[in-house]
Amino acid sequence: MKLFRILIFVFSLVALVLVACHFLLKPELAVLPGTSSEMHSANLSVSQGNVSNSTSTHIATQVPNPEVAEKLQVLAEIFKSKNDNDPRMDQVLKNLSEPVKLALQKQYSETKMEMRNERGTIAFLIGRELAEGRGSLTDVEFLKNILLEKPCLSLLDCSKASTGGSSEEEHLEGIHETTAHYPQLMDLRYLKQALESGNLTPEMKASIIATLEAARHSPNERVVQEAEAILNSVQNK
Amino acid sequence: MKRLTFFFSVLTFLTFSSFAHAALQFDSNVQPALKQQILEDFAFIQSIKSTQASPMHQKVFGTVDGTNYFNWFTKRVFSVGIDDCGSASAVACVIVMYANKIWMTKNYTQFNHPQIARLSVIYHEARHTEAQNGNWSHASCPTPYRNAQGQDMKSIWTGALLAGKPACDITAFGSYGSATIFLKNIGKYCTTCTDKVKADADLYGSDQLGRIIDPKSKKNMIADFAIPYKK
């Protein structure tokens with residue numbers, strides 16, 4: 001009888017611990033980009049109500065934000081399907097709010113270098129906003145950082161140059177090269193379109209020009225060439 | 001309504017996939033994931049619609065239309081096999097002794113190309129199956145071979161100069177040229193494509209255009225892309 005009571009006590013204790021773990025760990029396990037679990041420790045001061053305009057955009061990524069979560073979920077589904085023609089690309093992932101753009105920029109930095117299409121898609125989404133007059137200085141800064149990345153040396157491992165070489169590689173490697181530089185080329189495409197759109201504020205225009213100037217010193221030779229070409233075409237107009 | 005839309009999307013995908021499956025024979029050793037990706041990519045290409053096309057596109061493919069693209073491909077390619085295509089970085093190739101067959105490598109799914117870039121590779125290769133046109137063999141790139149900025153064109157992987165290598169075309173209608181026409185028209189005229197697909201098509205089309213070395217052919221192509229042919 002005594003043993004039975006001890007067993008009951010032990011089982012109750014284990015059950016209590018399990019229930020406590022369930023409630024305590026649940027928010028960590030349910031990590032979804034754009035929810036409170038993605039809080040940036042650097043922004044703890046916002047709870048004290050002493051924030052500038054730039055940090056106020058971070059507040060939105062700290063509190064559970066259904067909009068951010070929804071957009072990132074859609075993007076994750078598109079990436080998984082490998083269907084670039086998913087209409088939600090233009091219906092859902094357009095007219096992006098600042099918190100969504102910030103979440104996308106964070107996702108970019110967390111995406112492996114070899115995921116060229118995914119990284120390029122995020123560059124495209126931010127770039128399109130800029131070219132269509134919905135960009136911010138933060139977006140331009142993000143695009144600048146992409147242009148200053150080290151070049152991807154091989155599609156399977158960006159850090160290692162591929163060895164060997166054959167006529168078959170030269171035959172279609174232009175496509176591989178475009179993919180290796182895909183985030184940067186998308187980025188430059190929309191910086192150029194933004195400059196040509198004529199709807200930029202003087203501050204935004206200056207920021208884009210400064211970005212292209214900085215890109216002249218990129219470690220990526222292709223970026224240097226393309227940035228030069230855009231700057232030349234802008235200066236000739 | 002959402003459920004209905006989802007149901008019809010699935011139905012459309014299955015319909016297109018089964019058409020592609022019926023028209024293309026896959027060797028038994030083609031991995032299921034690779035086969036599925038090819039079928040899904042063809043489902044996308046078959047969904048393309050437009051009311052316009054450039055005159056060169058009209059000549060090669062007809063109007064910018066998914067059915068035209070699919071019929072064009074399946075008139076040339078009857079089966080798909082697996083091979084390493086003689087290179088660790090190849091995606092697809094044609095082996096002349098095997099008529100109407102395209103060989104794919106695992107890089108088709110391993111490399112992270114945008115969808116339209118993947119497809120442009122197999123359309124490029126499909127052009128090489130045309131034995132009656134000498135398989136549209138490539139021309140040697142000129143020496144020196146430089147880009148628009150005056151720099152030597154070289155392999156990004158090996159650093160080897162492309163000058164003198166069989167990686168260029170003189171004609172606008174070979175593999176590089178037809179892939180360029182395909183991509184540039186999708187980039188410009190597709191009405192069922194997302195902004196991303198159109199931007200990708202334009203970007204990769206410019207890459208393929210760079211391999212056309214005859215100034216007259218190149219000039220004609222650039223002019224052609226500006227002239228829409230209407231249905």
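**Exercise 1.** Which residue forms a salt bridge with Glu196(A)?

*Solution.* Start with the ground rules. This is a predicted model, where local features need pLDDT of at least 70, side-chain atom pairs count only at pLDDT 80 or more, and totals for chains, interfaces and linings use all residues. Residues are numbered from 1 along each chain as its sequence is written, chains are lettered from A and ligands numbered from 1 in the order in which they are written, and side-chain values use heavy atoms, with hydrogens and water left out.

Next, the test: a salt bridge is a side-chain nitrogen of Lys or Arg within 4 Å of a carboxyl oxygen of Asp or Glu. The partner is Lys192(A), with the closest N and O atoms 3.9 Å apart.

Now place the pair. Both residues sit in helix α9 of chain A, 4 residues apart, so about one helical turn separates them. (Helices are DSSP runs of H or I, at least four residues; strands are runs of E, at least two; both are numbered from the N terminus.)

**Exercise 2.** Describe the interface of chain A with chain B.

*Solution.* Step one: count residues. Chain A gives 49 residues to the contact and chain B gives 55, where contact means heavy atoms within 4.5 Å.

Step two: find the area. About 4,200 Å² is buried between the chains, and carbon and sulfur atoms give 54% of that. Buried area is the accessible area (1.4 Å probe) that two parts lose on being put together, summed over both.

Step three: look for salt bridges. There are 4 between chain A and chain B. Arg189(A) and Asp202(B) form a salt bridge, their closest N and O atoms 3.0 Å apart. Over all chains, the whole structure has 28 salt bridges.

Step four: find the source on chain A. The largest share of the side that touches chain B comes from α8(A), with 13 residues. By type, that side of chain A has 16 nonpolar, 17 polar and 16 charged residues. (Ala, Val, Leu, Ile, Met, Phe, Trp, Tyr, Cys and Pro count as nonpolar; Asp, Glu, Lys and Arg as charged; the others, Gly among them, as polar.)

**Exercise 3.** What divides into 3 nonpolar, 5 polar and 4 charged residues?

*Solution.* The answer is the lining of the largest cavity. A cavity is a set of points on a 1 Å grid over the protein atoms alone where a 1.4 Å probe fits but cannot get out; lining residues have an atom within 4 Å of a point.

Now name some residues. The lining includes Phe79(A) and Lys82(A) from chain A, and Phe111(B) and Arg118(B) from chain B.

Key:
On a 1 Å grid over the protein atoms alone, a cavity is a set of points where a 1.4 Å probe fits but cannot get out, and a pocket is an open set with protein on both sides within 12 Å along at least five of seven lines; lining residues have an atom within 4 Å of a point.
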